[in-house]
Amino acid sequence: MPVYLDHAATTPVDVRVAASMAEVLRSETEYGNPASASHVYGDIAGALVESARRQVAAAVGADAAEVIWTSGATEANNLAIFGVAQYYRERGRHIVTSRTEHKAVLDPCRELERRGWQVSYLVPDKEGMLDPAQVGAALRPDTVLVSLMHVNNEIGVVQNIAAVGAICARHGGTWLHVDAAQSVGKCPIDFAGAGVDLMSLSAHKTYGPKGVGALLVAKRSESAGRGRVQLTALQFGGGQERGLRAGTLATHQVVGMGLAFELAATLSSVETARVARLQQRLWRGLAALGGVLRNGSAARSVPHVLNVSFEGVEGESLLAAIRPHLAVSTGSACTSALAEPSYVLRALGRSERLSESSLRFGLGRATTEDDIDTAVTILAREVERLRQVAGAATVK
Amino acid sequence: MNYNDLTRRYFESTANVGELKGPDVFRGAAGNRDQGTWVQFDLRIKAGAVSAASFLAFACPHTIAASAWLAERAVGRPVNSLLPVGVPELRDRFAVPIEKMGRLLIIEDAWLAATVAALDYRESAHISDRGE
C-alpha cells in the first residue's frame, strides 16, 4: 500500500477508539436507546452518551451541555448556518464568510443566496490569512452570522478566531460560527474563551469514526452581555439533542468520538511537536528539489498540513506518477476527467497551473521519518522525470 | 482517473523524450503550457523517412503516453502530413475520455507542424536543385 499522507482528509481509527466502539456493539447491556428513560438499558446507553459528551466538551473548552451530536461536521455546519439564518431571518439576511471555507460552509451559503440571503465572501491574503478587521468592515446592521473556519483543511493556516469573536461580540446580533473540523488535537481550542457561538466538530479527522460529529452551541447567559444563540432545527422526529437534532443517537459512534477527543487532548502537545519535526523534514526535502512553492503561511499553520506547488509539472501527471507510492491530496478536484484547480489556492492568487500541480500532505500519528523520506525520494524522482518530459529541465 | 495498461506503460516508462539537433531535424509544437497542454515533436528525416523522433510534453498522462507511442512508431515511416495513426485510433488505444479529445488534437497539430516543416524543406530543396 502507498504511504498514507492524507490525514487531513481522514484519519485511521485509533485502536483504543475502535475497541471502545466494539465493546458497545458487543455488549449485552449497552445496546439500549439512550433516549429510553423507562428502563436500565436506556440508562446505561444514556450514561455512555453523556460521558462522551463530557469528553468532547473537555477537549475543546466547552460545557457538556453545549454539545449537540450530529452525523459529522458537514451536518453541523448546515445546522449552524441554516439554523441561524432561519431563526433570525426577520432580523437580517446577511452572512459573512470567506472564499477559502470548506464546501460544507460555502454550499449552504450559496443555497441561502438562492433563497434571497446576501453573503459577503472575504478574500484572504496570499498566505491564506484573514485580517479580523476584514470581518469588522464586512459587518452590516443586518448581518446575522459570521462563519469562518479555524484551521484550513487545504493549507493548514489557523485563523485568529478569538479576535473575530471579539469583533462579533461588539457588533450586536451577529453570531460567530467556526468550522473546527481540522483543529482538534492539532492546536488549542478554547470554545468558551474565544467568543464563539457555534462550533462544528468532526470525529474522523481526529482518529475517531466516520459518521459522527458535533455542533457546539454556546450556552452563554444573558448577563455575559451577548445573549445566547438560537437555532431553528433542520430535522424533526423525537426531540433529541434539545430539539435541535432529532434521531436516535448511535451510542457506539459517540463513545468513539468521546474517546478520540480525550486522546487527542492528551496527546496533542507531544504529538504536535513530533509532527512539526516531520513537517520540517518534509519541507526541507521538497524545497531542495527547486521550483517548489509553499502554500499558506508557514508561521500561522498547524504542522499537520503542508501544501506545496511544483513548478514545471502538470498536475494530473504528477498525481498519476506518485499515486502508486503515496496517498496524498491534489490541488485539484477531479469531478470529471478534467480536474478543476483548487478554489482555495486560486483565492490565494496561485495560477491555475500551479494550483493544479499542488499537493497537500497530511501528517498524522502514524507518520514516521521513513514515510517522509520515502515521500521525498518518490517526489524527487517523479518531479525530475516529468520536468524532463515537459522540457522544463531543472527549475532551481 | 483510471488509465489503461498502454497509457500507464508509456506514461511510466517514457522513451524518446527530449530534443534532436541537426539540419535534418524538423520541429513542430502546439498547445500552450499556460493552458495546461503543450506538445513538441522533433523528427529527423533521412531519404524521405523518419529516422528518429522525440517529443516533449507538458501534459496529462494520456497525452504523454500517446506522444511517446507516436514517437516510437514514427521511426521508419515515410514522412507525410498524416499521423502514423488517426486521432480516433489514438483515442481508442489509450482510452482517452471524450473530455480530453482536444488534447489529442494538440498532439496532431504538433505532429503536423513537424511534418509540414519537413515537407516544406524537401519541396524548397527540390525546387532549389532544379535551379528554380
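These legends describe close-up views of a predicted model. In this model, local features need pLDDT of at least 70, side-chain atom pairs count only at pLDDT 80 or more, and totals for chains, interfaces and linings use all residues. Residues are numbered from 1 along each chain as its sequence is written, while chains are lettered from A and ligands numbered from 1 in the order in which they are written.

**View 1. The open sheet of chain A has 7 strands.** Strands (E, at least two residues) and helices (H or I, at least four) are DSSP runs, numbered from the N terminus. The strand order is β2-β8-β7-β6-β5-β3-β4, with mixed pairing; two strands pair if DSSP finds at least two bridges between them. β2 (67-70) and β4 (118-122) of chain A stand at the edges with a single partner strand each, so one side of each has no neighbour in the sheet. On average, neighbouring strands are turned by 20° against each other, direction ignored.

**View 2. β3 and β4 of chain A run parallel.** A:Ser98 stands opposite A:Leu122 of β4(A). Helix α4 (residues 103-114) of chain A packs on the sheet and touches β3, β4, β5 and β6 of chain A. The direction of α4 makes about 150° with that of β3(A). Axes are lines fitted to C-alpha atoms, for helices over the stretch in contact, and angles run from 0 to 180 degrees between N-to-C directions.

**View 3. Helix α6 of chain A has buried residues.** They are A:Ile161, A:Val164, A:Gly165, A:Ile167 and A:Cys168. A residue is buried if 20 or more other C-beta atoms, placed from the backbone, lie within 10 Å of its own. Seen down the axis, these residues fall within an arc of 160° (taken from the directions from the helix axis to the C-beta atoms), so they line one face of α6(A). They pack against α5 (132-138), β5 (143-149) and β6 (175-179) of chain A.

**View 4. Chain A meets chain B.** 13 residues of chain A are in contact with 18 residues of chain B (C-beta atoms, placed from the backbone, within 7 Å). On the chain A side, α8 (315-322) and α11 (369-389) each supply at least two residues. The largest share, 3 residues, comes from α8(A). In α8(A), 8 of its 8 residues are buried.

**View 5. Two helices of chain B pack at an angle of about 80°.** They are α1 (residues 5-12) and α2 (residues 61-74), with axes 8 Å apart. α1(B) and α2(B) are therefore roughly perpendicular (65 to 115 degrees). Among the contact residues are B:Tyr10 and B:Phe11 of α1(B) and B:Trp69 of α2(B).

Definitions and conventions:
Buried ≥ 20, exposed ≤ 12 C-beta atoms within 10 Å, placed from the backbone. Contact = placed C-beta atoms within 7 Å. Parallel < 35°, antiparallel > 145°, perpendicular 65-115°, else oblique.
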